[in-house]
Amino acid sequence: MIFKKFIDKLLEKRYRVILAMAFLLLIVTVAIISRKSEVEFPSLPFSLGVREIALTFDDGPSPGSTPKLLEVLKKEGIKATFFVVGKMVEKYPFLLKEICKEGHEVGNHTYDHSDLTKLSKEYIIEELDRTRILIKEITGKDTYLFRPPGGRYDNKVIVATTLTGYKMILWTDYPVDYGCPSSELIYERAVSKVEDEGIILLHNGVDSALEALPKIVSKLKKERYRFVTISELIEGRGERNSGYFEKFEKKQEVKPPLEMVVNE
Ligand SMILES: [Zn+2]
């Protein structure tokens with residue numbers, strides 16, 4: 001009875017104002033305490049300053065170089081992305097399996113490693129599809145990543161890439177390993193152009209690039225770079241098909257056409 005009376009009083013107009021004010025005061029107090037707590041929490045140093053970089057290797061797989069490259073990556077405990085050539089995959093399927101087994105990502109680098117700007121749109125699509133089927137048959141995985149040989153592309157290539165559902169991936173850092181310059185020079189060029197969310201292009205099959213790799217990795221680890229695959233770089237932001245990729249594409253640098261480094 002007393003309780004009912006108390007409730008009735010509370011619901012009276014004048015008490016409703018007091019209730020509302022008390023509620024408001026409670027919210028303000030909680031907000032102040034939370035804000036104060038935030039300030040007093042120590043920052044998390046391990047999450048600060050971490051940058052991401054993707055290492056990519058073109059033109060494999062090749063029995064003379066892919067196993068050595070995989071060994072170095074394993075020793076360093078990092079994952080990379082391999083843009084493989086279809087005709088090499090056909091010849092050395094066990095190497096592609098090995099790349100996947102080690103947890104690296106695989107991208108399409110066409111079947112013949114031809115200059116795509118010299119081909120018809122239909123032929124470009126065939127180059128992409130042929131390699132896509134091979135990759136799928138051997139690894140059981142599909143890929144949506146594509147890098148045109150030599151970085152050469154035109155409107156036909158862009159249309160063919162879109163029609164086949166690929167993302168064209170170029171690079172932001174190419175230390176020009178073609179022609180086997182010294183490993184020291186490759187190292188200097190690679191680290192001088194490195195940037196957060198960048199993509200380094202090296203070739204699977206260049207001995208001096210392989211020699212430079214542990215030094216490049218060690219330097220970048222010291223600079224708090226985390227090595228990621230291309231998908232991780234893109235999908236990490238959950239924006240694979242949105243604005244981020246446009247920004248990402250603009251950041252990519254197209255150097256003068258590269259020579260072919262496919263070693264059979
Ligand atoms: Zn290539």
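## Model and confidence

The chain has a mean pLDDT of 82, and 71% of its residues reach 70 or more. The model is predicted. Over residues 36-47 the pLDDT stays under 50, and the model has 0 contacts beyond four places in sequence for them. Residues 253-264 also have pLDDT below 50, but this stretch has 28 contacts in the model beyond near neighbours in sequence. Where pLDDT is low, the predicted coordinates should not be read in detail.

## Overall make-up

The chain contains 11 helices and 7 strands. Of its 264 residues, 34% are buried. Among contacts between residues at least 6 apart in sequence, 78% join residues at least 24 apart.

## Nonpolar core

The largest nonpolar core holds 52 residues, and Val84, Val89 and Ile200 touch the most other members. Helix α9 (residues 207-222) supplies the largest share of this core, 7 residues.

Leaving aside residues up to four places away in sequence, Val89 touches Pro61, Val84, Leu96, Thr131, Leu134, Ile135 and Ile138. Of these, Thr131, Leu134, Ile135 and Ile138 are among the buried residues of α6.

## Helix α6

Helix α6 covers residues 121-139; at 1.5 Å a residue its 19 residues should span 27 Å, and its end C-alpha atoms are 27 Å apart, which agrees. The helix is followed by Gly140, whose phi is positive, near 80°.

The buried residues in α6 are Ile124, Glu127, Leu128, Thr131, Arg132, Leu134, Ile135 and Ile138. Because they cover an arc of only 160° around the axis, they lie on the same side of α6. An α-helix has 3.6 residues a turn, so residues three or four places apart point the same way. Glu122, Lys136 and Glu137, on the other side of α6, are exposed. The partners against which the buried residues of α6 pack are α4 (86-91), α5 (93-101), β3 (105-108), β4 (145-146) and α7 (155-163).

## Ser114

Ser114 sits in the loop between β3 and α6. With 17 other C-beta atoms within 10 Å, Ser114 is partly exposed, since a residue counts as buried at 20 or more and as exposed at 12 or fewer.

Not counting residues up to four places away in sequence, Ser114 touches Leu119, Glu127 and Pro149. Glu127 is one of the buried residues of α6. Ile124, also buried in α6, is 10 residues from Ser114 in sequence and 9.3 Å from Ser114 in space, C-alpha to C-alpha.

Key
Residues numbered from 1 in each chain as written. Predicted model: local features only at pLDDT ≥ 70, side-chain atom pairs only at ≥ 80, totals over all residues. Helix = DSSP H or I, 4+ residues; strand = E, 2+ residues; numbered from the N terminus. Expected span 1.5 Å × (residues − 1). Arc of directions from axis to C-beta. Contact = placed C-beta atoms within 7 Å. Core = buried A, V, L, I, M, F, W, Y, C linked by C-beta atoms within 7 Å. pLDDT = per-residue confidence, 0-100.
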